[in-house]
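This report describes selected features of the structure shown below.

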Amino acid sequence: MTRRTAPFGRRAAAVIAREQHGAYIVIRCADTGGPRPRPGQFYMLTAAERWGGGDGERPFLPRAFSVLRAGPRPDGVELQFLIEDVGPGTRRLTELGAGDELLLVGPLGNGFAPPREGRAPLLVGGGVGIAPLAIWQDELEGNATTLLGFRDQAHAHGAALLAGSSIATDDGSVGHHGLVTELLGDELDARGEEVEVYACGPPAMLEAVRERCSHHDVPAQLALESGMACGFGACFGCVVPTTSGYIRLCVDGPVLDAAMLETAAVAGAGH
Ligand SMILES: Cc1cc2nc3c(=O)[nH]c(=O)nc-3n(C[C@H](O)[C@H](O)[C@H](O)COP(=O)(O)OP(=O)(O)OC[C@H]3O[C@@H](n4cnc5c(N)ncnc54)[C@H](O)[C@@H]3O)c2cc1C
Ligand code: FES
């Protein structure tokens, strides 16, 4: 496993824009002097103001977010984050708009590795787990087949952030009526020996991806989640079990080779 080191310390990043995509909010910010992240890496974010101290003093700790997209700026890099409001931290971040400020630590974690020789990338995303697949699709320059799954039409708006995807929805309002892993099954049946799978989404989806890929003997890189307090290896709050013992997901992940896992349904994880 290769570990990469983020710039030391927390830095401020000005919010440039807030965009709504159905049930999701995209926050774009200017990371002045910050390095360009690798697809699959993440940042620990807090709002510079009104973070903690409210009802129950939550949110208190920073929250982890995959980088959705990154682009050059004259003074650094523009970072984009895809956020779904599921609790006090995400609610506060989705309130931010141009002129507000984020505090960030990152880029953190390992990111995706290129596909093995002779295999084409097959991207599988569920819900807000589509975020790291957008920047990966950008880097792959249109060479990836992409399958995305959402709960309903409001969430399926997120698919517009990626190019040329096949969509599945739980309620059948957009695309295939059913699970994205059913679309994956069809792809693996048709060309399993030609692909490498990259997946991010809820634990049950990731576990179904792991099982299907294992059954077809197809390599898979899974971007997992677990509760993260620091993001850089200090608190051990993010440990997940692998076939060779526990690892800290923030420094040895969040992208893990599926072959390292007996299960991807990690307790406490998931959007
Ligand atoms: C590497 C990584 C990348 C991530 N990328 C993204 C991303 O791109 N976009 C994104 O939106 N999120 C992302 N997340 C997830 C996000 O960091 C978490 O959902 C975060 O905890 C949200 O903070 P919150 O304060 O809004 O909600 P929290 O209070 O932390 O709650 C999060 C979820 O847990 C549930 N929950 C809270 N407390 C309890 C409890 N006591 N018992 C049971 N359930 C509870 C909530 O209902 C909610 O569904 C990522 C996480 C990781 C580790
Ligand atoms: S989040 Fe603290 S060690 Fe991983």
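## Terms and basis

A residue is called buried under 20% relative accessible area, exposed over 50% and partly exposed in between, with a 1.4 Å probe and protein chains only. Helices (H or I, at least four residues) and strands (E, at least two) are DSSP runs numbered from the N terminus.

The model is predicted: local features need pLDDT of at least 70, side-chain atom pairs count only at pLDDT 80 or more, and totals for chains, interfaces and linings use all residues. Residues are numbered from 1 along each chain as its sequence is written, chains are lettered from A and ligands numbered from 1 in the order in which they are written, and side-chain values use heavy atoms, with hydrogens and water left out.

## Helix 2 and its surroundings

The buried residues are Ala131, Pro132, Leu133, Ala134, Ile135, Trp136, Gln137 and Leu140. They pack against strand 4, strand 5, strand 6, strand 8 (120–126), strand 9 (145–150) and strand 12 (195–200), where contact means heavy atoms within 4.5 Å.

Helix 2 (residues 131–140) lies across strand 4, strand 5 and strand 6 (76–83), and runs at about 50° to strand 5. Such angles run from 0 to 180 degrees between N-to-C directions, and axes are lines fitted to C-alpha atoms, for helices over the stretch in contact. Glu141, which follows helix 2, has a positive phi near 50°.

An open sheet is formed by 7 strands in the order 4-3-7-1-2-6-5, with antiparallel pairing; two strands pair if DSSP finds at least two bridges between them. Strand 4 (63–66) and strand 5 (69–73) are the edge strands, each with a single partner strand, so one side of each has no neighbour in the sheet. On average, neighbouring strands of this sheet are turned by 35° against each other, direction ignored.

Within the sheet, strand 1 (residues 11–21) and strand 7 (residues 101–108) run antiparallel and are joined by 4 bridges. Ala14 has Glu101 of strand 7 as its bridge partner.

## Strands 8 and 9

Strand 8 and strand 9 run parallel and are joined by 5 bridges. The bridge partner of Leu123 in strand 9 is Thr146.

## Helices 4 and 5

The axes of helix 4 (residues 180–191) and helix 5 (residues 203–216) come within 10 Å and cross at roughly 15°. Helix 4 is therefore roughly parallel to helix 5; angles under 35 degrees count as roughly parallel, over 145 as roughly antiparallel, 65 to 115 as roughly perpendicular and the rest as oblique. Helix 4 contributes Val180, Thr181, Glu182, Leu184, Gly185, Leu188 and Asp189 to the contact, and helix 5 contributes Met205, Ala208, Val209, Arg212, Cys213 and His216.

Glu207 is also found in helix 5. Glu207 is buried, with a relative accessible area of 14%. Leaving aside neighbours within four places in sequence, Glu207 is in contact with Glu262, Thr263, Ala264 and Ala265.

## An exposed residue

Phe8 lies in the segment before strand 1 and counts as exposed at 88% relative accessibility. The C-alpha atoms of Phe8 and Ala156 are separated by 37 Å, and these residues are 148 residues apart along the chain.
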